[in-house]
Amino acid sequence: MTLPAFPDGPAHTAADRAAWLRAAGGLKAAIDGDRLGTPVTLPLVEALVLGLMRQGVTKYLAIFGHGSTALADVLDTYEAEGLVRCWQFRNEVEMAHAGTALSWVYGEVGAVVTSIGPGAFQAMAASLAASSNGVGLYHLYGDETTQGEGYNMQQVPKPAQGVFAQITSLMGSAYTLHTPGALRDGLRKGATCVFHPWRPGPFYMNLPLNTQPAPVTLRLDALPDRPVFPALAPADDSPLRAAADAIRAAGKVAIKLGGGSRTAADAVRKLTEAAGALVVSSPGASGVLPANHPQNMCVGGSKGSISGNWAMEEAELLVVIGSRAVCQADCSGIGWPKVRHVVNINADPIDVQHYNNTIALTGDASVVAGRLAGMLAGDEPDPRKTAWLDAGRAKRAEWDGFLTRQASSPPLFDMVWQKPVLTQPRVIRLAADFCRRHGALKFFDAGDVQANGFQIVEDQAPFETFTETGASYMGFAVSALLASGIADKGRYGIAFTGDGSFMMNPQVLIDGVEHGVHGTILLLDNRRMAAISHLQHAQYGRDFRTNDGVAVDYVALAGAVSGVRALSGGEDETSLMAALEEAHVWPGLSLVHVPVYFGEDPAVGLGAYGQWNVGNWVDDVQRQYARTLI
């Protein structure tokens, strides 16, 4: 069939254009067929949808309001022709987390849509999770009109121009479509942020109410495409040779893995073995080196492990791969007291220079680590490194034994529940093993569940666990489950969450059913914010305002939502495993409630093995920091 010319201009509607694009096989096919090589005129907001489509962004997570009705109308029309998909939500924080997970877990970049004002602020707050974890997606917010005819309802009520543009620009990369002709520039800047090669993040596109329906004339084939960035590495071998010489000269080498190492697992393993190094991971780098690898010392930092923190304290040379040296992972800068020299592998030219006395290997972690490993391969065994690895294996065995004991505790009598209940480490270990057997994803958000979780999980590959340690956002884990109902090939997952975190975003019960999620919320209930309770006890000997006296029947709460399978995990292992199996079989969203112990028994958790510049630890940590070299 011969298609007519593209139906642009005021004589045609968005419905005409959407039907034409469907008949043409989509925007890409139309551009590749050289059918869109001349300027066309259409509303700005429709051109925005086409511009995002050009970049492969066709999934929209939305809470519409008066600040986004023009966009909603275009999305409705284009969805009817199968060109885009749109999912509605009930809370902007939940929605932004789901969009983050869609990109982070499944690699599908979408767009989060809100109205003007409060909704945008909520989504923007939740975007801290995407920003902190380096996850790219679009945020589209309604904004005040450009004419200044008076205060717009829900704008920031301040007599100043472009206040939301200022706020979003402080949060990250942002653009305001103040005039229709700015679209191409805005999309180009958006693409370089969302698809950034080493630090992608949320891009905030502010859409003034009056420019959304305004006409714009442009070539659709000139809309910026999704950029492709080649992997970078040092131009010559001299810095790599210097790094290899430094590694050879040191007897006690430690490798610290950050989130940027997750796509470099094979190269990390080769470098680990060639360098004779012990590996310490950040919470987000679980599985980059398999948990059962003899050189894996597990997580290190302020909430680390016996073996991981021992390696940090004893290492003489540090190799950092893809890490920003976040305070908790780095013990607020005092985690490496004996290190004198650093080899840092990082694509970011700023982060690669975080430490003093650094050999900076700027570039892609996989490429650079692989080249460095090749230089070290075949070196003669070094007795000093052999002794270092033997000592590391002994410390790892000590940690494994402790972990086994803590995660094998029988139920303990709890004062709140007035009966014996399971401990949190026991529940997490059982559920993590369940996930491994069933190939299920694991999600953790902020709190005591997360802190125990990243100490317990034993991943054999990266991206088996997603733990939101970047912004430590309560409510992320349960919201992340929603992405499985939006992704092209969603996977079953379990959200490990506490009662406090779950109640930050309980509306996932409704949206999870609405969007066809197959996943389980594992709710560990100790009627408090236990992570802060533990911190207060450690610092001041008591806790304050971190618990309440309100009993909640979470099984009844979840069961009140049609389509949710609500189950009690009981107070023993048999009941918990039966509930997890029943939840897994259920084809939709399920919730398993487990009361867990909180009290003075040592089995309550896994302890902390590092330091942190908070509370009454500040003076001691800062005194130690003043003595550090690197």
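Reply: Ala, Val, Leu, Ile, Met, Phe, Trp, Tyr, Cys and Pro count as nonpolar, Asp, Glu, Lys and Arg as charged, and the others, Gly among them, as polar. The model is predicted, with pLDDT of at least 70 needed for local features and 80 or more for side-chain atom pairs, while totals for chains, interfaces and linings use all residues. Residues are numbered from 1 along each chain as its sequence is written, and side-chain values use heavy atoms, without hydrogens and water.

Me: How many cavities of 30 Å³ or more are there?
Reply: Three, from a search of the whole structure. A cavity is a set of points on a 1 Å grid over the protein atoms alone where a 1.4 Å probe fits but cannot get out, and lining residues have an atom within 4 Å of a point. Volume is the space filled by probe spheres set on the points.

Me: How much space is in the largest cavity?
Reply: About 200 Å³. The largest cavity is lined by 23 residues, and S281, S286, C298, V299 and V457 are the closest to its centre.

Me: Which elements give two or more residues to that lining?
Reply: β10 (278–281), β11 (296–299), α13 (383–406) and α15 (448–456). Helices (H or I, at least four residues) and strands (E, at least two) are DSSP runs, numbered from the N terminus. The largest share, four residues, comes from α13.

Me: And how do the residues of that lining divide?
Reply: The largest cavity has 13 nonpolar, six polar and four charged residues in its lining.

Me: What lines the second largest cavity?
Reply: P283, G284, A285, S286, D459, T465 and T467 line the second largest cavity, which holds about 40 Å³ of space. Two of these lining residues are nonpolar, four polar and one charged.

Me: OK, helices. At what angle do α3 and α4 cross?
Reply: Roughly 55°, and the axes of α3 (residues 44–54) and α4 (residues 69–80) come within 9 Å. That makes α3 oblique to α4. Angles under 35 degrees count as roughly parallel, over 145 as roughly antiparallel, 65 to 115 as roughly perpendicular and the rest as oblique. Axes are lines fitted to C-alpha atoms over the stretch in contact, with angles from 0 to 180 degrees between N-to-C directions.

Me: Which residues make the contact?
Reply: V45, E46, V49, L50 and M53 of α3 meet A70, L71, V74, L75 and Y78 of α4, where contact means heavy atoms within 4.5 Å. Nine of the contact residues are nonpolar, none is polar and one is charged.

Me: What about α5 and α6, at what angle do they cross?
Reply: Helix α5 (residues 92–106) and helix α6 (residues 118–133) cross at roughly 30°, with axes that come within 7 Å. That makes α5 roughly parallel to α6. On the α5 side the contact residues are E92, V93, A96, H97, T100 and W104, and α6 gives G119, Q122, A123, A126, A129, A130 and N133. Seven of the contact residues are nonpolar, five polar and one charged.

Me: Last one: how far apart are the axes of α9 and α12?
Reply: The axes of α9 (residues 238–249) and α12 (residues 365–376) are 10 Å apart, at an angle of about 55°. The two helices, α9 and α12, are therefore oblique to each other. The contact is made by L240, R241, A243, A244, I247 and R248 of α9 with V368, R371, L372, M375 and L376 of α12. Eight of these contact residues are nonpolar, none is polar and three are charged.

Conventions. 1 Å grid on protein atoms, 1.4 Å probe; cavity = no way out; pocket = protein on both sides within 12 Å on 5 of 7 lines; lining within 4 Å.
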